[in-house]
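Please look over the sequence and the coordinates shown here before reading on. The briefing is arranged by topic and is meant to be read alongside the structure.

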Amino acid sequence: MFEEALRRGIQVETHAIGDRANRMILDLYEQALKAVPAEKRKIREKPRWRVEHAQIVDPVDIPRFAKLGVIPSMQPSHAISDLFFAPARLGIDRLAGAYAWKSFLKSGAIICGGSDAPVEHGEPMIEFYAAVARKSIKGESSEDWHPEQAVSREQALKMFTIWPAYAAFEEKDKGSIEVGKLADLTVLSQDIMKIPEREILRTRSEMTVIGGEILYLNWVRSEEDE
């Protein structure tokens, strides 16, 4: 099936959470990529196959994502909700490869960020906060949560903008505010690149623009503004 997907130009995305599942999928992806050389593929560039969640990965398998060009599609909020019970269910040792955003980035992979709504809240600010703080919404953390796996704000921003666009083969149209791209943007109530971490959770959308059209506006214009 994976080999045929390469021949037909079909992008594959596979749901995998645990370390065994992630290794199995990487093995299958690798077999297909070796079996179908680039000249026999409909899409000659990297197929940009993905693994949805990639939550628990054996540290030895993390570099394989970048090597194979596989994109981990991850939801940062999982780390600040699952980690309340993950140590007891997985064991401390396996947490070394759990929600390992920084390790993925250091290995050369990019992360396609998401929310996993409605399983999670679907609130972008919670996802951004989780990525940079790696703490619960109440500010809780511990060494077991591997705080070193938190990412910078610039990296978090890319996780929810240009990298998902790349993952969808849409980086020429979306993912950044540039001439020639679709006017898709959100105006926030605060500068999430500078404010204290806790303030990120209090940040709200003031305006949402899709394709140049204002679809959401959180203020009422006065007569002086008109």
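The model is a predicted one. Its largest nonpolar core has 51 residues, and the largest share of this core, 8 residues, comes from helix α7.

**The nonpolar core**

- Within the largest nonpolar core, the residues with the most contacts are Tyr 29, Trp 49, Val 51, Phe 65, Tyr 99 and Phe 104.
- Two or more residues are given to this core by each of α1 (2–8), α2 (19–35), α3 (62–68), α4 (77–82), α6 (101–106), α7 (124–133) and α8 (153–159).
- When neighbours within four places in sequence are left aside, Trp 49 is in contact with Phe 2, Ala 5, Leu 6, Ile 10, Gln 11 and Val 12, with Tyr 29 and Ala 32, and with Gly 69, Val 70 and Ile 71.

**Helix α7**

- Because 9 of its 10 residues are buried, α7 is largely enclosed by the rest of the structure.
- The buried residues of α7 are Met 125, Ile 126, Glu 127, Phe 128, Tyr 129, Ala 130, Ala 131, Val 132 and Ala 133.
- These buried residues pack against the helices α4, α6, α8 and α10 (197–200), and also against strand β5 (185–188).

**Strand β5 and Leu 185**

- Leu 185 is found in strand β5, and it counts as partly exposed because its relative accessibility is 28%, a value that falls between the 20% limit for buried and the 50% limit for exposed residues.
- Apart from neighbours within four places in sequence, Leu 185 is in contact with Ile 177, Met 207, Thr 208 and Val 209.
- Ala 168 is 17 residues from Leu 185 along the chain, and the C-alpha atoms of the two are separated by 18 Å.

- Glu 206 has its place in strand β6, where it is buried yet has no salt bridge, the nearest side chain of opposite charge being that of Arg 204, 8.8 Å away.
- The contacts of Glu 206, with neighbours within four places in sequence left aside, are Val 187, Leu 188 and Ser 189, together with Tyr 216, Leu 217, Asn 218 and Trp 219.
- Ile 210 also lies in strand β6, which spans residues 205–210, and its relative accessibility of 43% is why it counts as partly exposed.
- Together with Leu 215 and Tyr 216, Ile 210 makes a nonpolar surface patch of about 290 Å²; Tyr 216 is also one of the residues in contact with Glu 206.

Notes:
Residues numbered from 1 in each chain as written. Predicted model: local features only at pLDDT ≥ 70, side-chain atom pairs only at ≥ 80, totals over all residues. Heavy atoms only, no water. Patch = residues over 30% accessible without salt bridge, like charges linked within 9 Å, V, L, I, M, F, W, Y side chains within 5 Å. Areas by Shrake-Rupley, 256 points an atom, 1.4 Å probe, with all protein chains shown as cover. Salt bridge = Lys/Arg side-chain N within 4 Å of Asp/Glu carboxyl O. Helix = DSSP H or I, 4+ residues; strand = E, 2+ residues; numbered from the N terminus. Buried < 20%, exposed > 50% of the residue type's maximum accessible area, 1.4 Å probe, protein only. Core = buried A, V, L, I, M, F, W, Y, C linked by side-chain atoms within 4.5 Å. Contact = heavy atoms within 4.5 Å. Lys, Arg positive; Asp, Glu negative; His and termini not counted.
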